[in-house]
Amino acid sequence: MDTVSIVNQKGGVGKTTTTICLAAALSKLGYATLVVDLDPQMNGTKWMLGRELEEDEASVLDAIITAGDQDQSSSDWPLARLIEPSDLGFDFVPAHADLANVEGEIGEKPSRPYLLRERVKEVEEKHQFGYLDEVDAHNASDGAYDVCLVDCPPSLGLLVVQALTASDGLIVPVSVDGMSMQGLSQLVSTTREVRKYLNESVEIIGLLPNNLDYRAGLVNEGLEALRKNYGDLVLDTEVPWRSKIIEASTYGTTLYDHAPSSDALEIYENLAQEVVSRTSVTETGKAQSSVQQ
Ligand SMILES: Nc1ncnc2c1ncn2[C@@H]1O[C@H](COP(=O)(O)OP(=O)(O)OP(=O)(O)O)[C@@H](O)[C@H]1O
Ligand SMILES: [Mg+2]
């Protein structure tokens, strides 16, 4: 299973949109996909669950705060136990608003940046758990996932460090204006630091130009500047502005259900292919075809 975080410390650039639309496309193409919502805003959770998470419901937060504590077996929350099926063709682990409070706490011990990574690794080693039956009922056959997408909050804080430490690759959605591009060098250098000290294998898969309105003159200039500055790091796929994407998120559904004739479907499938070609994602978990077709 490859873990791919969708990251950009700038808000509103399309991290959650990319996560969900890419997950739907990967599932459609046959890759068993798990989404982890790591953002206390819970936008992805609302999209996938169709409602807000209740205060007392379990979330990825439980997995993080109970990770690595050997003596806590009675209240242990491995990620596998938190996986929910969605009607969208893939499975997910919900976020919780209280994730916002743990940014400081989880950094206290030196081993803390690895908590999410440990939990993600456990999903791969699923046979060690007693939760296999629950997982079997979901969209991955035998609970085996080909890819895990992590929707990150708009920060470069410790939650994002957890995500980068757990990841094989990063996708960075960018909206092509001067302001958005300013933060990219900071993100690239944070990634470099994580690679040096925490996770030598994390790579930026690519920058994804998103929400493009080609009628606006500055967009083409911005794209040119992005490709000039970042070269091959910019994905070939570009996602245009599409009202159907906003509607799909509002209705808590996918483009496959909401707008099957939208050109955005093909664009996200191209993105999925490009991500697969730039990573080692392979199709083994076999997403259930009934949901996909
Ligand atoms: N390609 C697109 N076409 C139309 N609307 C889009 C597109 N991409 C994103 N949006 C819209 O832009 C807004 C912000 O997108 P999204 O929530 O995915 O960003 P984000 O980076 O996850 O934000 P945050 O940093 O707050 O988590 C949403 O209303 C979303 O529907
Ligand atoms: Mg978001």
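**Ligand shell and sheet**

Analyst: The shell around ligand 1 divides into seven nonpolar, eight polar and four charged residues, with Gly counted as polar. A residue belongs to it if one of its heavy atoms lies within 4 Å of the ligand. This is a predicted model, in which local features need pLDDT of at least 70 and side-chain atom pairs pLDDT 80 or more, while totals for chains, interfaces and linings use all residues. Residues are numbered from 1 along each chain, chains are lettered from A and ligands numbered from 1 as written, and side-chain values use heavy atoms, without hydrogens and water.

User: Which helix supplies the largest share of the shell around ligand 1?

Analyst: Two helices (DSSP runs of H or I, at least four residues), α1 (15-28) and α12 (243-251), each supply at least two residues of the shell. Among the residues that come nearest to ligand 1 are Lys15, Thr16 and Thr17. The largest share, three residues, comes from α1.

User: How far from an oxygen atom of ligand 1 does a backbone N or O atom of Thr16 lie?

Analyst: Polar contacts here are pairs of N or O atoms within 3.5 Å. A side-chain N or O atom of Asp39 is 3.4 Å from a ligand 1 oxygen, and for a backbone N or O atom of Gly14 the distance is 3.0 Å. For Thr16, the backbone distance is 2.8 Å.

User: Which strands stand at the edges of the sheet?

Analyst: Seven strands (DSSP runs of E, at least two residues) form an open, mixed sheet in the order β3-β4-β2-β5-β1-β6-β7, where pairing requires at least two DSSP bridges. Each edge strand has a single partner, so one of its sides is left without a neighbour in the sheet. The edge strands are β3 (84-85) and β7 (203-209).

User: Which residue of β5 does Asp2 stand opposite?

Analyst: Strands β1 (residues 2-6) and β5 (residues 147-151) run parallel and are joined by five bridges. In β5, the residue opposite Asp2 is Val147.

Methods:
Polar contact = N/O pair within 3.5 Å; in protein donor to acceptor, adjacent residues only side chain to side chain.
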